[in-house]
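This briefing is intended for a reader new to the structure shown below. It covers salt bridges, the interface between the chains, domains and backbone features.

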Amino acid sequence: MRREGSPFTGLGPVFLKEFSDHLSSARMMVLMLFVLAFGALPVGLSLQELRNVTESDPFLFLRIFTSAPQRVPFSFTAALALVIPLLAIGLAFDSVNSEFNRRTLSRVLSQPIYRDALLLGKFLGGLATLAVALMALWLIVFGAGLLLLGLPPRGVEVARAAAFLLVAIAYGGVWLAAALLFSVIFRSTATSALCALGLWLFFAILWPLVVQVLVLSLVAPEVAAGFGRIDETLAMIQTQAGLERLSPNTLFTEAVIGLLNPETRTLGPVLPAQMRGAIMGAPLPFGQSLLLIWPQITGLVAGMIMVFAAAYVIFQRQEVRA
Amino acid sequence: MSDQVIEIRGLTKAYGGHRAVDAIDLDIRRGEIFGLLGPNGAGKTTTILMLLGLTESSGGTVSVLGFDPVRQPLQVKRRVGYLPDAVGFYDHLTARENLRYTARLLEIPGREIDGRIDEAMKRVALADVVDRRVATYSRGMRQRLGIAEIVMKRAEVAILDEPTSGLDPHATHELLEIIRGLKRDGVAVMLSSHLLDRVQSVCDRVALFNRGRIALLGTVVELANQVMGAGHPIHVEATGCDIAESVRGLEGVQKVTPEAEGGVRIDADRDVRAAVAARIVSAGGGLQRLSNLQPSLETVYTRYFQENRDAA
């Protein structure tokens, strides 16, 4: 049976309302303060260190993002890998169930819109907010770099940094979709927040360890101990990388490495034979770097769409009555 | 088009093996107030949600203003106003901002929005608090705001789910006045409620739901006649004489039953009040009270569910 009318009827008003609600909410302020605090520390310290760099580095500007200063054990991008999910979860963990609990859901759905528009509008509103927040952060870092390094970035550096911003938004989008999914599944906002945060901790801390244990327990003992044949060892490493890439955090980290460290030629193991003729430490052109991390970008976007689709299917089947 | 605004034929909703709504037929006419009554879980809200296309039906057909809510939900929802049970608004926004959001969803042209909001808020007597945040509203005000939304929408049909539940008597009275106002505008109103005597005062027709079926349908008087039997029941209290003895043999009296609170109930096929009074006085009794027992919806409701308890 076909229904009449566009599923996007009313998408605009829903999107605008979500967007303006997010931007004016106290929660957004708190989240931004959190992100700023986390970002300011590595950026500030690495800027101090970079000012003293004397050797010429063609990608000095990008080092603001990637270098881990001596006094703090993480770089700006590593901090982002950790706090972007938190920002996204904070924006979306209660987006559907709070409407249900405030009993606004049935009233809004009795207006001439489909559920599609409501869910998509909420997602896009959150994504736009996330994009604005990350863009602001990005500009702050850029501005600080200009002021404190006194060195304008080259065009290719700007392009790489801009690509990094897009990847960061896509990474946030995955977590936004995940939080939205939990907000559809659970009626209680606390439960959905807890589940989303649990998933975040799982991928941030537990998953790499789980993968390591899993892979080591599957291969023969001599391979695990590092004495296996080269093809066996290679297979083990590739399995491990493949499993780790199920985590959006891994995808994001790899994409960042490829984009912001132009010297990166591969994200997996390299055999000496493959390095023949390569000039060590020479940067790759931007296009080649992009090609290198294209699977990671595709993976992030696909993950975002898949998780959103799951939320969509569950939401369509849900009863609206209390 | 006929003056039917809602036409329901054989509507069914099954959850697993349980039939929440079981093949109901119902017609709502233009400009009437129609009451859906029945205990919780009788299928009232499910029926309402199916009318709006918010829940899919398992069988049967529905036509709302000539549209099918399953296939043309946007057309239906554009013309039908719905006030859910315990309606909610965005507390952090003002009433005006809440209604503006709805107006944008309704695609009301931007320059008309504020005028229509002011007009609607005046109708529900909330004009002076339109720019206050909804968090400060009482429950009664929220319900009225919900009706303002329907007024702003210029809906042809208003469906109100338990509009008076949880309201104090004064707020209930105000709300029912507003609902009568909707009727005067030619809006067909369908409401579900537990507050039976209140419903009685506004509804033109009612349907009594029981276990997913419509048990009774008609005006309050018709319902009373179906359940209580036709007739003129009266209530008599008197001192100094045996009422049952003194009205014995009186023409038209069918049954005399003593009531628990004192006095007796006399069922007759005609108005026997004058004759009963004369009998009691001539028997030397002091007539304390003689009242016509209006069939109240509450009595009908209670009696119906007493009689059908075995079935229920």
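Arg289(B) and Glu237(B) form a salt bridge, with their closest N and O atoms 3.5 Å apart; a salt bridge here is a side-chain nitrogen of Lys or Arg within 4 Å of a carboxyl oxygen of Asp or Glu. The pair links distant parts of the chain, 52 residues apart: Arg289(B) belongs to strand S13 (residues 286-292) of chain B and Glu237(B) to strand S10 (residues 234-239) of chain B. Helices (H or I, at least four residues) and strands (E, at least two) are DSSP runs, numbered from the N terminus.

This is a predicted model, in which local features need pLDDT of at least 70 and side-chain atom pairs count only at pLDDT 80 or more, while totals for chains, interfaces and linings use all residues. Residues are numbered from 1 along each chain as its sequence is written, chains are lettered from A and ligands numbered from 1 in the order in which they are written, and side-chain values use heavy atoms, with hydrogens and water left out.

**Salt bridges within the chains**

- Arg289(B) is partly exposed, at a relative accessible area of 43%, and Glu237(B) is also partly exposed, at 23%; buried means under 20% relative accessible area, exposed over 50%, and partly exposed in between (1.4 Å probe, protein chains only).
- In chain A, the side chains of Arg229(A) and Glu232(A) meet in a salt bridge at 3.8 Å, N to O.
- Arg229(A) is exposed, with a relative accessible area of 52%, whereas Glu232(A) counts as partly exposed at 31%.
- A network of salt bridges links Arg96(B), Arg100(B), Asp114(B), Asp118(B) and Asp131(B).
- Over all chains, a search of the whole structure finds 29 salt bridges.

**The interface of chain A and chain B**

- The size of an interface is often given as the accessible area lost when the parts come together.
- Chain A and chain B bury about 2,900 Å² between them, 58% of it on carbon and sulfur atoms; buried area is the accessible area (1.4 Å probe) that two parts lose on being put together, summed over both.
- The contact (heavy atoms within 4.5 Å) takes 30 residues from chain A and 34 residues from chain B.
- How many salt bridges does the rule find across the interface of chain A and chain B? The rule finds one.
- In a salt bridge, the side chains of Glu149(B) and Arg107(A) meet at 2.4 Å, N to O, and both residues are buried.

**Domains of chain B**

- Chain B is divided into domain 1 (4-226) and domain 2 (234-292), with bounds that come from an automatic or database domain assignment.
- The centres of domain 1 and domain 2 of chain B, taken over C-alpha atoms, are separated by 44 Å.

**Positive phi values in chain B**

- Ala125(B) is not a glycine, although its phi is positive, at about 60°.
- Ala125(B) has its place in the loop between helix H4 (110-123) and H5 of chain B, and is exposed, with a relative accessible area of 51%.
- Glu162(B), a residue other than glycine, has a positive phi near 50°.
- The loop between strand S6 (157-161) and helix H6 (169-184) of chain B holds Glu162(B), which counts as buried at 7% relative accessibility.
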